[in-house]
Amino acid sequence: MSYGPQPWQQTAWDWRAAGNFIGGGAGSGLIMFTALAGADGAAAAALLLAGLALIGLGLACVWAELGRPLRALHVFFNPRTSWMTREAIAATVLFPAGAAAALLAYTGVSGIAWLPAVLAFAFIYCQSRMVQAARGIPAWREPCVVALLLATSLAEGAGLFWLAQPWHRQGSTPLALVFGALLLVRIVVWYAYRARLDGHAAPRALAALDRAGRVLLLGGTVVPLALLAVALVGGSAAAAAWAGLAAAPAGAFVKFTLITRAGFNQGFALQRLPVRGQAPRATP
Amino acid sequence: MTRWAMVVDLRRCVGCQTCTAACKVTNATPPGVQWRRVLDMEFGEYPNVRRAFVPVGCQHCDDPPCAQVCPTTATKKRADGIVTMDYDLCIGCAYCAVSCPYQARYRTLRATFAYGEPIESEARTLDEDRLAVATKCTFCVDTIDAGLARGLTPGVDPAATPACVNACIAKAMAFGDLDDPASNVSTLLAENESFRMHEELGTGPGMYYLWDRHTP
């Protein structure tokens, strides 16, 4: 076949689009985990600002991918049906709310991180639905991708939180257990997502995802869980930080792969072949 | 109501690409951009090999994923079924391109020409508004609207009919109103077996492919 049903990797979205999902996911997760940790003071302020910075970095990446970046404000025009518009609206509310929460936390107000955490969840939910709404890509339109992106976002954010633990000292044993649980949830959701793609996505897309899955299992789950166990048993803050360092990039790699390596379309398909002359009816 | 649609008879298409050329000339698309292209597809293993030529492009869906995801409303669906593009609104995010199951969307970031430097016709037809934004087949909507304004019938009168349909040497392509039971496309669909591509996705494509005569 010269040019037909074999799917090919989409080229419209590259590493810059992946950067939006990586930065946005990790940043949102960090803000949510900071709220869950009940962090306060300068540490909470710094963590919230770091989360916002990551989200901002992701949005800057996707802005750089726009064909007409000076028209970027047009992105707000379709809240009725577009998850990209909704993502932009969530980000617009999240940034001032997050900055205000960071300022208040710095001045001693506690428990203020919940508002940006809720908005961060809204932001990452919109991002996840954005991927699912891309009906041209089988690996993206699978409904389970929403749960996968939410789970990776939370796990990456928790990883970044624990990476910074030696500095902020806001961690605790229950939080470490939550981190471990998030890693387990992420890998379970990953396998559920991967199982549902069988027979739907292109073989090369599945091969790319399987490579990412191995990284997620080993580097993003087994290693950080082992380090977390060492941290819990031995009381080593460094081990917990290393666990965080392992967990976050593995999730980022999965997203990078999902966008830039597993974004195969479904090509073209004929339900029936044309019947010419007296030939019997044929199916492809 | 009116629902403009296209019918392609796969038994008639010979893969001559005249529709592709007509589209390119009419819409002045740059190299590599084919709003109407013809796939040359082979099926089976030697010696049982079948071949089909399949014109594809924007399917002007009933529920177009591109319009749903578009954050700017640059992509719109008209009441008559035609999916349009507003180049002045588009930000070139390419979300529509990854959402279209028919790979009908293009984004050309900078002006490109067949021979490097623009030849006279390319220089004359270059449209800066179409750079770095999404583009696609419009069913030659301007031609249709102009024809309707003159009382012509799209699909019947060439002056109101998409360029690809006019150009087809084998009468493999037809254009008309699906909601009119007496239209050419309604008649073709009534007399023949047909399918729509990737119909399982629920997009409701506005392009129908005929593959055999109807057997009651």
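**View 1. Burial and overall dimensions of chain B.** In this predicted model, 46% of the 216 residues in chain B are buried, a residue being buried if 20 or more other C-beta atoms, placed from the backbone, lie within 10 Å of its own. The radius of gyration of chain B, taken over C-alpha atoms, is 17 Å, which agrees with the value near 17 Å that a compact globule of 216 residues would have, by the rule of 2.2 Å times the number of residues to the power 0.38. Local features need pLDDT of at least 70 and side-chain atom pairs count only at pLDDT 80 or more, whereas totals for chains, interfaces and linings use all residues. Residues are numbered from 1 along each chain as its sequence is written, with chains lettered from A and ligands numbered from 1 in the order in which they are written.

**View 2. The contact between chain A and chain B.** Here 42 residues of chain A are in contact with 41 residues of chain B, contact meaning that C-beta atoms, placed from the backbone, lie within 7 Å.

**View 3. Helix 6 and helix 8 of chain A.** The axes of helix 6 (residues 144-163) and helix 8 (residues 173-197) of chain A, lines fitted to C-alpha atoms over the stretch in contact, come within 9 Å and cross at roughly 155°. These two helices of chain A are therefore roughly antiparallel, a term for angles over 145 degrees. Among the residues making the contact are A:L148 and A:W162 of helix 6 and A:F179 and A:W190 of helix 8.

Technical notes:
Two residues are in contact if their C-beta atoms, placed from the backbone, lie within 7 Å. A residue is buried if 20 or more other C-beta atoms lie within 10 Å of its own, exposed if 12 or fewer, and partly exposed in between; C-beta atoms are placed from the backbone. Axes are lines fitted to C-alpha atoms, for helices over the stretch in contact, and angles run from 0 to 180 degrees between N-to-C directions. Helices (H or I, at least four residues) and strands (E, at least two) are DSSP runs, numbered from the N terminus. Angles under 35 degrees count as roughly parallel, over 145 as roughly antiparallel, 65 to 115 as roughly perpendicular and the rest as oblique.
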